[in-house]
Structure formats: structure tokens, C-alpha cells
Amino acid sequence: MNDFLNSGMQWTDKLSVGIDEIDADHKVMFQLFHEAYLLSQTNPDAGQLCCFAVELIDYAEAHFRREEAIMSASAYPFCKNHFAIHEQLLKQARQQCVLVTSGQQTVVDFVIFLRNWLCDHILGTDQRMAAYVEGHELAIEEALQEVEPLALPEYTHIYLVDDDENYVELMQAMTEAANLKSIAYTSGDEFLSASITEDDLVVLDLNMPGKDGIEVMRELADKNVRPTFILVSGFDERVLHSAKQLAEAKHLVVAEILSKPIDTEVFIEVLIRVYIECKLARTKKEIKQNHAIKIAPDGISVDELRQALQQHEFIIYVQPQVNFSNRQVTGVEVLVRWQHPDRGLVFPDQFIPLAEEHQLMSELTDAVILEAIKAYQQFKVADISITVAINLSAQNINDLELPEKLGALLTSHGIRPEAFMLELTESAVLSDTSAALDILNRLRMKGFSLSIDDFGTGESSLIKLYQSPFSELKIDQHFVMRIANDKDADAIVRICILLAKELKMQTVAEGIETQVIWDKLKALGCDVAQGYFIAKPMPVDGFVEWFHSWEMVGSKGI
């Protein structure tokens, strides 16, 4: 199916009807087909599918009106029958669109339907028009001015920034070959004076006199302007890679890095792909804004947070962890959520910083641990024997009484400490090393397992591994998600796994989202997998159902 779509989503000269205006319309239509297909591969929601389906039909309807204006202004003798065909095609398209939006048909099938009838219409009906337009060019031009322009709004602009005029001309020619338009600059200063938005795509050369590419990215980030970048340079790959990391540290998106001299086919393929990704990102943003749940305009207050703790409004979701070797579920990571009576489900990034700022993390952790104990007991009733991983903060690690309190709490519920894994980030251990080592060692002596989370993203990672009694190393998803296409990320993951094995620690990779990443990590000898490829975080009841389904069927699919 994919090969069939990829081979037929682009306009070719075989589809030319010999009338420039109509051919140009058809080229854009096929571009929309390709974008719709790419969207279908990104697990879109119903709103996104509806948006693209309606956009395709609106475009077809506008194109038919332009085509009918051309026919009416020429000597074309079959107008009546041709107009009837247009009406019938639009009727069928709307019927198919209803099936998509109601979930009775996939967007891929819808795109295939539109593509097929447009091809049949072009080759079977539109081809007859060219013989009747000669001598009527002026009348056709005037007729087209009477109907609305066909072009869809262009929210995404392509900027080419390179001090080499010859290279700019080459990239402009390649952009035109991709049926796209671009705006070129040979100076970083001149480019920064343009009206750049976060919806735009910037092809940026790093090495420019005056203001170089790094400075350009820094100034845009300082202005809170964050377009998508394709970085190009004649420097070696390490410089490009480091520049990408710098951009990402400033929350800039670098979609691709390309070394000079640029391969024409590669550049065109990358430009089209990234341009479509920018358009899709805008569409998703618009849909999210249009369908966003309205909440009170004021932020969450600390009094509101304290009240939530008192009224036990915090719940937990769990995300499964699976053994690479035998595909068995070995544990879950506990993730806190706030079930707010008015705002709905509130995620941690909206309240954790507030809890840390006002020294409420100990109370919040206590609430999470109590919910985790309930979950563990529910798992035992369902005959599920797994480890439960809980995140601790720096404030927890400063509490010298934590090992005794936590041990006593589990004992009172008849739970052995070995059933709980305590996860700590590197930064959580940095504030007071002696106190942290005191607490960590006593936790291990009481039977708790300890995991160093987000490994590789903090400071003094090796020192912490050397000093602390961790039993598990959790590789940060920043590296895991990149190992398929980033040699440096792959190397870091390899080293983390090797280091953990030497220190007799278990390794967990989080952020696994594809079969390719699963296969690479398994081949590298990683022990445990966690990520959307296995399952998203889910309520405790949902996990019990998911677990038994995985044991019977799901584990065989990886």
C-alpha cells in the first residue's frame, strides 16, 4: 500500500492537459494528496482528518469553477456534460468525506479515491479541452479574474540564507524544482529584518561573514521567534551536529542537517518533507486551539495546590516496562496526575514546579506513594507480580527520616521494599551529597532498589554512579529516541549500556516509540524497555486489563 501511494502521489507530465492554468491547479492538488497521506501516517485524530478532507474537497470545487470559466471562455463544445461530471464527482467526494469523519473509512482510502477519480477525469475528459483554447487566451485570462484565486493561504514561508550567491541561486532552483517558492538572503542581518514566524522554514548556512548561522539562531531565540531550520555547512559533521544540539538547547527545531556540497535529489526530498511537516504542525496547532478545553485564565495558586493535597485529588497513571529478552512485563513507572474538579486532568508540568517552589514535594510524594501502594495491592489481587517505580525529588532526598518512614509504611501494608523501585534524577542528588548518600545507602539496606533516572543529561554523572548505590540506570529518552538516525546518540546509548553492565546495574531505556528503536536496543543488550511503542501511561484499572491482554497476545507482536 505504501509503495502504491508513494508512486502515485506526485503529478507527472503524463497528466498534462496542455493548459498551463489547469496543469498548475492539478500540481497543487497532487501536493495536497501527498500531504494528506503523510498526515495519515502520524496517528492523526478525527479533527485533523476532517480538516484535510474538507480542504481537499474545497480545493477541488474551486478548481472546477476555474476550469469551467476556461471552458466557457473558449470554443469548448462539451461544457454542459463536463459541468455535470464535476457536480457528480464533488457529490461522490462529499459522500466519501462523511465516511472518513464518521470513522467508516480511512484517510488513506479517501486520498486514493480522490487521486483515482482525478486521474481518470484528467486522462478521460480534461484532455479534450486543449484543442479549443487557442485564440481565446485573452478571454480566458479575463474569465479567470472573475473567479476566486485557487491558491490556499501560505502560512509557511521558505527562507534561504547563505552568503554565497551562487549557492543561493542553486537552492532557489532546487526549491522551484520541488514546486515550492522561496525568499533568499545573502546576509544574516538582512534576514533577521524579515517578518519571520514559528510557521516558517529556514534553510540556514552556518558559516557566513558578518552574522553567522549560530548568531542568527541565537537572536531569533532571544526574540522568542522559533521557525524550523535546515542547517547546511561546509564544516564537518561534528560542527553541524553540535550546532543542532545548541539550537535544541534554545528550544529551536532543527529538522535536518546537510553538508555541502548539497546533493540535489537529497535537498529536494528533504525540503519537501520538512515543508509538509511544517504545514502539518500548523494544522495540528490550529485544531488544538479550536478544540482546546477552556480553563480559568489565572494560573494554579499554591493555596489551590494545598487544598488538592488535603482533599486527595491526586491520582496516578502507570506506564509498563517490558523485558527485552522474554517480553514479559517487569514493572510500571508511576506518574502523578491531578484530577481537578474544574480543570479536568492536570499534568505534572503544571503543578510540580509550584510544589517544589513552596516545599510541598514531600506531601505530594506521600500522596503518590499511598496511591502506588493501592495500585500494587490491586495488581496482587489480579495475580500481577511486578515492580512499582516511584519518582523522588531533591526535597525527598533531603529528608533523613525517609528510609525509616517509607520502610514502615510498606511494612504496615504487608509489602516488601523489594517491590518498589525509587527513581531519582542526577540533579536530585546534587544539592547535599553527604546527606543524599546517607539516605540512599539506608534505602538500599532496607531492601529498596534505586534507579538513576534521565542518565546522561545532568552534571557529574560518573561521580554519582561511583558514589551512590544505584541498582538501575535509566537511559534518557533524549538519546533513545535519536539512536536510529543519530550516530552520536547511538554511541552514548551503547556506552551507557556497557557502563551499567560493568557496574552490574540493570538498564532501562525510556522513550521507545518504534520497532527500529526496539530492535537496536535489544541488539545492544539493554534489559528493560519503556515507551509508547509498548503502551502509553494509563489508569491503574486500564493497566490490569492491558497486562492480561499483553500476556495473551500483545507480547507476540514485537
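This is a predicted model: local features need pLDDT of at least 70, side-chain atom pairs count only at pLDDT 80 or more; totals for chains, interfaces and linings use all residues.

Trainee: OK. How many residues are in the largest nonpolar core?

Mentor: That core has 82 residues, and F379, F420, L521 and F543 have the most contacts inside it. Helix 14, residues 361-381, gives the largest share, nine residues.

Trainee: Is there a separate second core, or what else is there?

Mentor: A second, separate core has 37 residues, among them V17, L32, Y76 and F113.

Trainee: Back to L521. What is it in contact with, leaving aside neighbours within four places in sequence?

Mentor: L521 is in contact with F324, V480, I483, V493, A509, I512 and C526.

Trainee: And M361, buried or exposed?

Mentor: M361 is in helix 14. Its relative accessibility is 7%, so M361 counts as buried, the cut-off being under 20%.

Trainee: What does M361 touch, not counting residues up to four places away?

Mentor: M361 touches I352, A355, E356, S393, Q395 and N396. Its C-alpha atom is also 8.7 Å from that of L392, which is 31 residues apart from it along the chain.

Trainee: Switching topic. How much space lies in the largest pocket?

Mentor: About 1,200 Å³. The pocket is lined by 25 residues, and K244, A255, M481, R482 and N485 are the closest to its centre.

Trainee: Which element gives the largest share of that lining?

Mentor: Strand 5, with seven residues. Helix 10 (237-249) and helix 20 (487-502) also give two or more residues each.

Trainee: What kinds of residues make up the lining?

Mentor: The lining has 10 nonpolar, four polar and 11 charged residues.

Conventions. Residues are numbered from 1 along each chain as its sequence is written. Side-chain values use heavy atoms; hydrogens and water are left out. A nonpolar core is a set of buried Ala, Val, Leu, Ile, Met, Phe, Trp, Tyr and Cys residues joined through side-chain atoms within 4.5 Å. Buried means under 20% relative accessible area, exposed over 50%, partly exposed in between (1.4 Å probe, protein chains only). Helices (H or I, at least four residues) and strands (E, at least two) are DSSP runs, numbered from the N terminus. Contact means heavy atoms within 4.5 Å. On a 1 Å grid over the protein atoms alone, a cavity is a set of points where a 1.4 Å probe fits but cannot get out, and a pocket is an open set with protein on both sides within 12 Å along at least five of seven lines; lining residues have an atom within 4 Å of a point. Grid points are joined across faces, edges and corners, and a volume is the space filled by probe spheres set on the points. Ala, Val, Leu, Ile, Met, Phe, Trp, Tyr, Cys and Pro count as nonpolar, Asp, Glu, Lys and Arg as charged, and the others, Gly among them, as polar.
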